[in-house]
Amino acid sequence: MLNIALFGPPGAGKGTQSEYLIKKFKLFYISTGDILRKELANETKLGLEAKSIIAEGGLVSDEIIVQIIEKTIKNNPDVNGFLFDGFPRTFVQAYILEGLMIKLNTKLDLLISIEVPENESVKRLLKRGKTSGRLDDNEEVIKNRLKEYNDKTLPILNFFKERKTYVSVNGMQSVEQVSTHIVQITNNELSKKLLNIVIFGYPGSGRGSLGKAIAEKYNLEFVATGAMLDEEIKKNTSLGKEVKSLYENGQLVPDEIVIRLIEKKIESTKNAKGFIFKGYPRTLVQSYILDGILKKHGSSINKIIEINVDTLELIKRLDKRSKTEHAMPYDSSTERIVKRLQEHKTKTIPVIEKYKEIHEVVVIDGMNSFERVFEELSMEINSSFKNLK
Ligand code: AMP
C-alpha cells in the first residue's frame, strides 16, 4: 500500500493536488472536509452536529472525525492506498491515523506539507469564495480557520518529523511545479518498497522457468543462485571450477560464495521493483542469511510461494530434460537426480516449515499447465504488490 497525507493551511492547494495524485498513483481519496460537507448537505445527524462548527471555522470533534474515517476505510477494503486531505488536523488525529494504519497492517508513508504564507492563503480563499459556495470561505471565518490551523494543526508536524514521514513542498510554485515535486517525492518513496518473493519447489517443479517469466512480467530481478553459479562454470572461473566438482557430487556450494553472489546482484540492481529468489534459501542457515541481507537494504521477504509437483512427475520431467540441450550437469544421471531430490527433502523442506511460522506461504499446484500456474503466480504477485507496506 501507499498512504499519503496532504498537509497545509486552508488554501494551500491540497484539494487541487489531490485530484491529480489519486489518478497518478491510483489512491483512494479521503477528504474529511468533503465528507462533512456531504453529511451536511444530506442533513444527517452527524452533519447537523458539525454544521455550526464548520460555519464558524472551528474544528469538528476528534470523535466525529474518527467515526467518518473508520467508516470510509472499512467501506473500501481493496484499495492501493489512501490519500488523506484535511486529516489529521490535531495531535489526537495523528495518533488515530497511526492506529488505523496499524490496524490495516500498513503505515503512513508520507506526510507532504504544502507550505504557503498566511496572506497567500487568505487571498486564495477569498478568491475561491466567489465561486465555491462554501459557507466558510469568507473573511471572518477564514481568519478563524487559520487561527485553528496555527494553534492546533501546525504543531502536529513534529509528530511526523519524529517518524520521518514529513516532507515539505513549496506551495508558492505553479500547480504543475507543485505536482511535479510531489510526484518526485512519492516515486522516491515507492522505490524503497521492494517486493521480495521466494519461490520454492523441488527440482523439476518449474520454479525456474516460471520464476523467470514472472520476474519479467513484473519488472522484478530474478535471483537464481543456480544460474549465477552456472555462469561462473561457463566462464570457467576458478570459482566455477570449484562449483562444478561440488555439483557433480550433488553437493551444495558453500554459503560464503553464494552470499557474495547475492550481495553483488542486489547492489547492482537499479530499477527493479523487487526480487524473486529461486533456489535460495535452501538451508536454514541460508534463510537467516537472506533475512540479514534484505534487512541491510531496508527490506524483507513479502511472500513465499511453493510450487507443488508429485515426485513421479518430477522424475519424469528431470529425466526428459536430461536428454535435451537444457540438461544441467546435475541431472545427467538418475543417481544425481535422486540425490538432488533428496537434498531438497532433507534440507529445504525444513526451511519452508520454518517460514510457515513467520511468513505467508502460498502453495500452488504445479501439476497444472505452465499457463495456469503462471496465472496463479501472477495473482499472488498482484496481491503482494497491493499489500506492500
Ligand atoms: P476543509 O475542506 O478540509 O477545509 O474542511 C472544512 C471544515 O471541515 C474545517 O474548517 C473543519 O471545520 C471541518 N474539518 C474537516 N476536516 C477536519 C478534521 N480532520 N478535523 C476537524 N475538523 C475538520
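Which polar backbone atom lies 2.6 Å from an oxygen atom of the ligand? It belongs to G58. This is a predicted model, with residues numbered from 1 along each chain as its sequence is written. Local features need pLDDT of at least 70, side-chain atom pairs count only at pLDDT 80 or more, totals for chains, interfaces and linings use all residues, and side-chain values use heavy atoms, leaving out hydrogens and water.

A polar side-chain atom of Q93 sits 2.8 Å from a ligand nitrogen atom, and a side-chain N or O atom of R134 is 3.1 Å from a ligand oxygen atom. Of the 480 Å² of accessible area that the ligand has on its own (Shrake-Rupley method, 1.4 Å probe), the protein covers 95%. The ligand is surrounded by 15 residues (a heavy atom within 4 Å), with T32, R37, G58, G86 and Q93 the closest. Helix 2 (residues 32–41) gives the most to this shell, namely four residues.

As for the fold, five strands form an open sheet in the order 2-3-1-4-5, with parallel pairing. Strands here are DSSP E runs of at least two residues, and helices are H or I runs of at least four; two strands pair if DSSP finds at least two bridges between them. Strand 2 (28–31) and strand 5 (166–170) are the edges, each pairing on one side only. Strand 2 is joined to strand 3 (residues 82–85) by four bridges, and F84 in strand 3 is the bridge partner of I30.

How values were computed: Polar contact = N/O pair within 3.5 Å; in protein donor to acceptor, adjacent residues only side chain to side chain.
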